[in-house]
Amino acid sequence: MPDSLKTSNLDLSLLVHTCDAYQKFWGGMLYSLDFNWDYDFVPVFWASEEINIHELEMDCRGLRYEPNKKITPILTGKTDKNGFSNRMKIALEKIHSKWVIYIQEDMWLISYPGNEILQKLINFAENQNADGIKIHTKLHYYDGYVLEYTPFKIGGVDILKYSAGENYLNTHNATIWNREYLLQNLVDGEDPWTNEINGSKRMCQKPHNHFHYNIHWYSQPGICEMGQESRDFYTLAPILDDRMSLKLKFKK
């Protein structure tokens with residue numbers, strides 16, 4: 001694995017973070033990326049533990065499927081759940097873009113934010129010296145989010161700001177992170193839940209500059225719940241399988 005991985009001129013990458021035990025959810029994420037993502041505009045990195053997605057033999061309803069060659073694999077090594085933050089750190093250190101969209105394997109895409117929107121979000125992040133911009137729908141149970149109004153809009157959508165002081169800043173919902181900032185707030189030995197809670201506390205100990213862009217472009221809260229298939233899994237899996245099997249069947 002090279003020390004420095006190639007990124008686009010946008011200085012933005014997408015990191016899909018997963019563990020090998022969740023391999024059963026990989027197909028849907030890979031299919032949804034193929035249908036929605038612009039790999040040339042925003043490079044994609046896939047961080048698994050010991051299984052390289054390009055060495056997997058995958059099929060969709062009996063038809064051979066190969067993950068897109070433009071996805072760059074990162075192998076972080078095997079850990080238990082308490083090594084989640086270690087693996088996240090290794091993955092982020094392998095990506096050298098300034099900005100990273102962080103998502104997990106259960107956030108199957110249903111659309112794409114759009115190149116223009118992503119460009120404008122990065123411009124906004126640069127101009128405002130943002131630590132991060134969450135890019136997902138604020139669902140009713142995210143009561144830990146303390147947000148305030150700003151005069152900024154992108155694509156007709158308000159940009160909100162996370163209030164100063166205690167706030168729920170380090171959730172694993174899709175976020176455009178300043179990669180160095182996120183690395184500075186990571187410590188080893190945290191499971192996913194501890195990382196969200198304690199990571200938020202660490203971020204709140206210093207002045208912070210986080211924003212929220214309310215956009216619905218992937219399954220929320222995800223197609224997996226505590227390792228098991230959620231309702232969205234049973235809704236999206238057959239749809240994605242149908243689309244991919246047709247694509248593979250009629251691909252020339």
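This is a predicted model: local features need pLDDT of at least 70, side-chain atom pairs count only at pLDDT 80 or more; totals for chains, interfaces and linings use all residues.
Biologist: Why is Met 226 called exposed?

Modeller: Its relative accessibility is 65%, and exposed means over 50%, so Met 226 counts as exposed. Met 226 sits in the loop between S13 and strand S14 (228–229).

Biologist: What makes the backbone at Met 226 worth a remark?

Modeller: Met 226 has a positive phi of about 55 degrees although it is not a glycine. Most residues other than glycine have a negative phi. Arg 61 is another case, with a positive phi of about 50 degrees, in the loop between strand S3 (58–60) and strand S4 (63–65).

Biologist: Why is Arg 61 called partly exposed?

Modeller: The relative accessible area of Arg 61 is 47%. Buried means under 20% and exposed over 50%, so 47% places Arg 61 in between, as partly exposed.

Biologist: What makes the peptide bond from Gln 220 to Pro 221 stand out?

Modeller: That bond is cis, with omega near 5 degrees. Most peptide bonds are trans. Pro 221 belongs to the loop between strand S12 (210–213) and strand S13 (224–225).

Biologist: Why do Lys 153 and Asp 158 count as a salt bridge?

Modeller: Their side chains meet at 2.5 Å, N to O. The cut-off is within 4 Å, so the pair qualifies as a salt bridge. As for accessibility, Lys 153 counts as exposed at 52%, because exposed means over 50%. Asp 158, at 30%, counts as partly exposed.

Biologist: How do you know that Glu 229 and Lys 24 form a salt bridge?

Modeller: The N to O distance is 3.7 Å, and the limit is within 4 Å, so Glu 229 and Lys 24 pass. This pair links distant parts of the chain, 205 residues apart, with Glu 229 in strand S14 and Lys 24 in the loop between strand S1 (12–17) and helix H1 (26–36). Glu 229 has a relative accessible area of 27% and Lys 24 one of 46%, so both fall between the 20% and 50% cut-offs and are partly exposed.

Biologist: What makes Arg 87 and Glu 49 a salt bridge, and are the two buried or exposed?

Modeller: Their side chains meet at 3.4 Å, N to O, and within 4 Å is what a salt bridge requires. Arg 87 lies in helix H2 and Glu 49 in the loop between strand S2 (44–48) and S3, 38 residues apart. Both are buried, which means under 20% relative accessible area. Together with Lys 78, they are linked in a network of salt bridges.

Technical notes
Residues are numbered from 1 along each chain as its sequence is written. Side-chain values use heavy atoms; hydrogens and water are left out. Helices (H or I, at least four residues) and strands (E, at least two) are DSSP runs, numbered from the N terminus. Buried means under 20% relative accessible area, exposed over 50%, partly exposed in between (1.4 Å probe, protein chains only).
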